[in-house]
Amino acid sequence: MSQPGRFSPLNTLTSVAARRLAAAGLALLLLGSCTSSRPEAGGPTSFAMDTGAEAFSIGYEGIADLYVEPVPTQSLALAALDGVAALDPAIDFMRRGDALIVTDTGTPFAKFTVPADDNPTQWARLTAAAIEAARKRSAVLADTDADRLYEVAFDAITGKLDRFSRYHNASETRAGRAARKGYTGIGVTIGQTDGSVVVASVYRGSPAHTAGLQTGDRFVAVDGKSVTDKDMEATANLLRGAIGTTVDIRIARGPAELDFQILRQRVIEDTVRFAALDGIAYFNVSGFNSDTASALALALREAKAQLGDDLPGIILDLRQNRGGTLDEAVEVADLFVDNGIILETQGRHSMSRHRYDAQYGNTTTLAPIAVLIDSGSASAAEVVAAALQDSGRALVIGARSYGKGTVQRVIDIPPISSELILTWARMHAPSGYALSDFGVFPSICTPDYGDDPEVSAAALESGELRLSETMQKRLYVTRMDESERRKLLAWCHADHPPSTTDSDTRLAVRLLSDRKLFQLAFHASRVALGERPANPD
């Protein structure tokens, strides 16, 4: 285990693959006629062998170095070729001893000598060369642009990995980076209604919010160019631009058309929302990006200004929160946890084995906390819920969380403007149990008690609501047989979208407003946590 500290696992990885490609020689023997009468797909979208070899080398090296489990590179390369072959059923790639044979409707037309070892660079060169040979034979592959070829190849590669490793093409990469780090723009999300591109939401405090754009506004023109016949992507591209530049926007609001000139700035999605519920501070956290912890700290100050410095209670609603940046989750937990472990990660790479400790003095409040989770709460949301539960800072209410429980590493693939997202560590709660598969167990499973929060409260007061038996099972899930695991996976599963008025939130308000009842549930939850297993999985 590494020493306590902080670092960001959501980094990009560059590769020395390009410098190695020249050394990766391949033997190619043409069998029969290899025609190239069709012109190659033209322009910048056509497949280039050197670019492909570099892109595959970066991917293969990243998996070899960082993925949580060892995977033979040859299995990745063969999967990539199978993905490409699926585009044209006539084409097949077959490994035969020390040769890779490419066939067209069963007839061999190209043969490659496979690398003698599991060398990622040599297998990358072979992958690109085999794809290029197939494109010269197949009209379908020749007409398929490079982005699509890479997409099917890398999707097949990540299909050999776990369910959380994935490939992002160029447009998905731009969107993912914007979600994590922000982007330069005006601060809106867009949608499409009745054939018109409309403002779907406006980020609080963004240039669009300051200018007065509203949800439902229909885009008419951007910088003098009509967008009435444009799709969302085309309109979004017109709205983007360099920071500090202005964009002229004409929108339709009802029967009127309005003009705005808006300064483009760095914009980060607003992931925190505060509301006061019967004197209780309610915070919905919808995701974790680079601004979430500071936004929550600001919202806590707003809550104290409105409700008083000694907040009577806090509701942290993480339902349907799919996660995000790990460091931000740790920082959010650190706002409430004063000492001890927040999270431990374990993986194959030495840097993936890490412990995140609460930093003394960072705590912003000692108010009692209820955390709301459901089966859509995943990843970073599970980190926060588990840290607050295990440290004794919060009562967790709702349904069992998703069970992602893994940390991803982002590998930048510059030659094709894409990225590969790999699982490189598994997460363990402070009490030692793994968050993968089973996720965080709520202290109070609300699906068991229906939509009336008073039923749960009455069950708690009467002693009918027993927290210990099922919660303690989370520590021993790896020792269960398959039938027991399936039964536990089916327990307390529900999707409850975040709301200030639903039964989960009303139960949280009810408990936080009745300190005796809250302490009764909280004490039972602490007993149920049990002791840390000697050998956490």
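Author: Two strands pair if DSSP finds at least two bridges between them. Keep that cut-off in mind for this predicted model.

Reader: What makes β19 and β20 a pair, and in which sense do they run?

Author: Strand β19 covers residues 369-373 and strand β20 covers residues 394-398. They share five bridges. The cut-off is at least two, so β19 and β20 pair. The sense is parallel. Within this pair, A370 stands opposite L395 in β20.

Reader: Which sheet holds β19 and β20?

Author: An open sheet of six strands, in the order β14-β15-β16-β19-β20-β23. Its pairing is mixed.

Reader: What makes β14 and β23 edge strands?

Author: Each of them pairs on one side only. Strand β23 spans residues 444-445.

Reader: Why is the contact between R204 and D270 called a salt bridge?

Author: Check the distance. The closest N and O atoms of D270 and R204 are 3.3 Å apart. The limit is 4 Å, so the pair counts as a salt bridge. Side chains of opposite charge can pair when their charged atoms come close.

Reader: What does the pair of D270 and R204 tie together?

Author: D270 sits in the loop between β13 and β14, while R204 sits in the loop between β8 and α8. These parts are 66 residues apart in sequence, so the pair ties together separate stretches of the chain.

Reader: What about R264 and D223?

Author: They also meet in a salt bridge, at 4.0 Å from N to O. R264 lies in the loop between β12 and β13, and D223 in the loop between β9 and β10. That puts them 41 residues apart. R264 has a relative accessible area of 6%, under the 20% limit, so R264 is buried. D223 has 39%, so D223 is partly exposed.

Reader: How many salt bridges does the structure hold?

Author: There are 17. Among them is the bridge between R250 and E257, at 3.9 Å. R250 has a relative accessible area of 35%, so R250 is partly exposed. E257, with 48%, is partly exposed. Salt bridges with shared partners also join D317, R319, D502 and D504 into one network.

Reader: Why is T345 called buried?

Author: Its relative accessible area is 2%. Buried means under 20%, so T345 is buried. T345 lies in strand β17, residues 341-346. Beyond its neighbours within four places in sequence, T345 is in contact with several residues, including S352, H354, V407 and M427.

Reader: What makes the approach of T345 and S352 a polar contact?

Author: A polar atom of the T345 side chain lies 2.7 Å from the backbone oxygen of S352.

Reader: How do you know how the reach of α2 stands against its expected span?

Author: Helix α2, residues 49-66, has 18 residues. From first C-alpha to last it reaches 25 Å. The expected value is 26 Å, so the reach is close to it. The buried residues of α2 include F56, I58, Y60 and L66.

Reader: What does the chain come to overall?

Author: It has 17 helices and 23 strands. Of its 537 residues, 52% count as buried.

Note on methods: Residues numbered from 1 in each chain as written. Predicted model: local features only at pLDDT ≥ 70, side-chain atom pairs only at ≥ 80, totals over all residues. Heavy atoms only, no water. Salt bridge = Lys/Arg side-chain N within 4 Å of Asp/Glu carboxyl O. Helix = DSSP H or I, 4+ residues; strand = E, 2+ residues; numbered from the N terminus. Buried < 20%, exposed > 50% of the residue type's maximum accessible area, 1.4 Å probe, protein only. Expected span 1.5 Å × (residues − 1). Polar contact = N/O pair within 3.5 Å; in protein donor to acceptor, adjacent residues only side chain to side chain. Contact = heavy atoms within 4.5 Å.
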